[in-house]
Amino acid sequence: MNVRSLEVSNFRNIETLSFEPGEGVNVIYGENAQGKSNLLEAIWLFTGLRSFRGSKDRELIRFGEEQAGLDLVFDNDVREMTAGLTIGEKKKAVLGGVPQETVNRFMGEFLAIVFAPSNLELVRGGPSERRKFLNQTLCQLKPNYAHRLAQFNKILQQRNILLKDLTYHSELYDTLEIWDERFASFAAYLILEREAYLKALRPSLLDFYEGISGGREEIDVQYDTGHAYESKDGPSLKEEVLQQLMLNRKEDLAAGFSTIGPHRDDLSVLLNGVPVKAYGSQGQQRSAALSLKMAEAAVIRDLTGKQPVALLDDVMSELDIHRQDYILNHIEGWQVFITCCEPTDILKSKCGTGNMFEIKDGKLCSSISAS
């Protein structure tokens, strides 16, 4: 998977920009607030997922403009593809010259992983950050997962509305069973897919963390549903979820929302068997978060046969020389985009056939071959 070219117009602080990166490591450098992260964000949007910075569409459009435009040419390891994205009142997507109903159509076509400073919340933040980590990857790997996740969220919303209404309309009580049935069916699917993904992730995670930490600790991940489900197939797990919904019905009615399910599940990240969130140092937390993201890339490659593009936003400045060197050696053969304020000697030496690009006020003002 390689980005061949990117055309940007009226996106964030970028008025117009043409970008032709190299196949290996690409270093995008410049002072703060010049547009480095904006360039990575523009690439990321072609995964079909939302901004990795949590921004609303309106915030992506250059101030004073009505819409932003992005055009990407990429090699998906099979053939060269083109994709276009217009961000205005609504998003409009084009893939291979053909207009698409939604940007979700990009999912599975352009694959990428991103690591940004906010990804530290993956380890030290709340459960929603870790669920997002699981959902983002699975949506790229399996577009059907994205569809079923959306369906589950709609069912969850309707069930929660009903739980609130039952306080005043007890005659609706029998309809709760209908929503429970649908809820349990989609919940079982999501739980099994997440657990299967973590099983695939674990070997690469252990290997990468051992290398980046110098083998000082052992990392592990566990999927936490709050209940020890025993079933390993969809129909049986659905019945278990239904049973838990019945057992929790009193709590759900009192709370006015669904107190169990995939929307409440968590991912435990452990070092030597203890939660890194509670007991890990800042360095250990950063290494754990980075290891999770790099292992994510390995799983995508192993399951699709395509190496995802890696977007590393302001990662190197917080790492010592050993960790920088390990990462740069580990990503050999990938197309990587690294942002920084000033490229270090190790970045310059490891760029290979890639390029170094300086960005200033939303414009690429130089492109220097690092070879």
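The questions below concern salt bridges in a predicted model.

This is a predicted model, in which local features need pLDDT of at least 70, side-chain atom pairs count only at pLDDT 80 or more, and totals for chains, interfaces and linings use all residues. Residues are numbered from 1 along each chain as its sequence is written, and side-chain values use heavy atoms, with hydrogens and water left out.

Q: How many salt bridges does the count come to?
A: A salt bridge is a side-chain nitrogen of Lys or Arg within 4 Å of a carboxyl oxygen of Asp or Glu. By this rule, the count of salt bridges is 18.

Q: Are R12 and E41 buried or exposed?
A: R12 and E41 form a salt bridge, 2.8 Å from N to O. The pair links distant parts of the chain, with R12 in the loop between β1 (2–11) and β2 (14–19) and E41 in helix α1 (residues 36–44). Helices (H or I, at least four residues) and strands (E, at least two) are DSSP runs, numbered from the N terminus. Buried means under 20% relative accessible area, exposed over 50% and partly exposed in between (1.4 Å probe, protein chains only); R12 and E41 are both buried.

Q: What is the relative accessible area of E193?
A: E193 forms a salt bridge with K142, their closest N and O atoms 2.7 Å apart. E193 lies in helix α5 (residues 176–213) and K142 in the loop between α3 (127–141) and α4 (143–165), so the pair ties together parts 51 residues apart in sequence. K142 is partly exposed at 35% relative accessibility, whereas E193 is buried, with a relative accessible area of 15%.
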